[in-house]
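Hello,

Here is the model we talked about handing over. Please load it before reading on.

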Amino acid sequence: MKPLQHLGLLIFALSPLFAQAKDQQPNVIIVMADDISARDFPIYESTRCYGERASTPVIDRLAKEGCYLTTAWSSTVCMPTRAMLMSGRYAHLTKWWDNGEFGKAKRRGGGIYEVAVSSPLTIGHVARHAGYRSIWVGKTHVTTGSSYTKFAFDEGVFTPGEPDVRGTSPYDHFKNVKNKEFWNSDSFLWWPEVQVANHPSHPDKPFSWQETKISDYGPDIELERIFDFMERSKAQDKPFFVYHTSHLGHQAVDMASPRHNMTWPGTPKLTWNAESKTYTRHEPKITPRGPVNTLSTTYEKENITPDELKYQIEYLDYQMWQYINKLKTMGELENTIVIFTSDNATKGWKASVEKQRGVHVPFVVYAPGQSPFVQGKQNIIADLSDMLPTLADIMGTKLPTQDEYELNGTSLWPYLTKQSDKHREWIYGFKGNRQMVRGHHLLRDGKGAWWDASETPANMDSFPQITDLTSLSADQQREKVMIDDV
């Protein structure tokens, strides 16, 4: 059977393939940070990181009580990673090779391939067919050419709003004005533009806009909206799926900065109490000295950190603490699986095809109610194409066969639940026509260089280069044959 490409036909054909719902399906929360390497999280114990080391006591605990993978790969940049994660497929199928580098659609009118068309089975469809209520919150960056509605999520909260409706916000400072007076309103941290899709408070509108002020912080609004969704889902006795694509980690324009350049805008200040294992968030305040949103205006800030990546990583840790507390309050902690990852590496390594700099991301899974379940550090290799089949296993759905619809990912669930002691033999990353492949002992990067990957260097970068391919170990010789065939 040829792969099914039309969304309607695919869903019609796959409907009977989905298994009956389990008696109690676990909720699933995926939190994806933006532009943060694995080495920048303390749990990975790298001797080098970007800037000052962040403190992440909550993520550390989730990784140790749950598990974390030593080697998980994304793509090197945002858009192809999100296409890969959401579809379970590599770029030869999604046609998204790089930010701005897309395959051309062979249809009337041409144009770029839409992920929702080239790869019409996504994580949203898996959740829908498993009977879950689903929400997509934060950054999209994968909807170019198509609406988020094609990805099958029930609701959405987008900061900033979807490109096809940008400029329709009723609030003047979100008009995308770029001139000498106003700054670009592509704002998702301080003073965020917030588009709300399919919320029950607006049943007659496909989307609405939330009014915000300059002291409002986008990540806080995102989590408030997510918690509202979780509560409503539980009230309907439905399992929920949260796909939280945070902007934290990505450089941005600080709407309350006289420089108006790209930085890591400071976050609300936090205090961690190690004894009680609790965070305190200090209420931020931004006071403009002059008309807001003009290049000449200066601002006074209270309870806001300096502009550094470290503080955005720590705010992610705070939000993971909020998630865990909310799940406890709801009585859903033991029935929820939480996955934390990132879309690509940090500035300086982002977009790199050298060694595994651009693709090595954190991957933490916390599943306190699952037994048996692996615990702590897991020396396996995986990539983000594995997410879709993993979700299908968690949610209790049956995917089509490879003859019916090609997927490149492999479910992690058998390994995580100790049904198997192995996962994958090789993983894959890419940027344009540069391709990276590695096994457990050997790595070929996007420059065609070979590296000894038998052990991870202390700085997570200084892999020994292999210039004499006749000197490979037996394991490496076997993997070279495998890598050459990919």
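My notes on a sheet, the nonpolar cores and a pocket follow.

This is a predicted model: local features need pLDDT of at least 70, side-chain atom pairs count only at pLDDT 80 or more, and totals for chains, interfaces and linings use all residues. Residues are numbered from 1 along each chain as its sequence is written, and side-chain values use heavy atoms, with hydrogens and water left out.

**Sheet**

Five strands form an open sheet in the order E20-E21-E22-E23-E24, with antiparallel pairing. Helices (H or I, at least four residues) and strands (E, at least two) are DSSP runs, numbered from the N terminus. Two strands pair if DSSP finds at least two bridges between them. E20 (427–431) and E24 (465–466) are the edge strands, each pairing on one side only.

E20 and E21 are antiparallel and share five bridges. They make a hairpin with two residues between them. Gly432 sits in that turn, with a positive phi of about 60°. Ile427 has Arg438 in E21 as its bridge partner.

E21 (434–438) and E22 (442–444) are joined by two bridges. This hairpin has three residues between its strands. Arg438 stands opposite Leu443, and Val437 stands opposite Arg444.

Helix H11 (474–485) lies across E21, E22, E23 (450–452) and E24. H11 runs at about 30° to E22. Axes are lines fitted to C-alpha atoms, for helices over the stretch in contact (heavy atoms within 4.5 Å). Angles run from 0 to 180 degrees between N-to-C directions.

**Cores**

A nonpolar core is a set of buried Ala, Val, Leu, Ile, Met, Phe, Trp, Tyr and Cys residues joined through side-chain atoms within 4.5 Å. Buried means under 20% relative accessible area (1.4 Å probe, protein chains only).

The largest core has 64 residues. Phe241 and Tyr243 have the most contacts inside it. Helix H9 (387–395) gives the largest share, six residues. Another core, of 57 residues, lies apart from it and includes Ala63, Ile214, Tyr217 and Leu309.

**Pocket**

A pocket is an open set of points on a 1 Å grid over the protein atoms alone, where a 1.4 Å probe fits, with protein on both sides within 12 Å along at least five of seven lines. Lining residues have an atom within 4 Å of a point.

The second largest pocket is lined by 19 residues. Thr70, Thr71, Lys377, Asn379 and Thr456 lie nearest its centre. Strand E19 (376–383) supplies the largest share of the lining, four residues.

Best wishes

Notes
Buried < 20%, exposed > 50% of the residue type's maximum accessible area, 1.4 Å probe, protein only.
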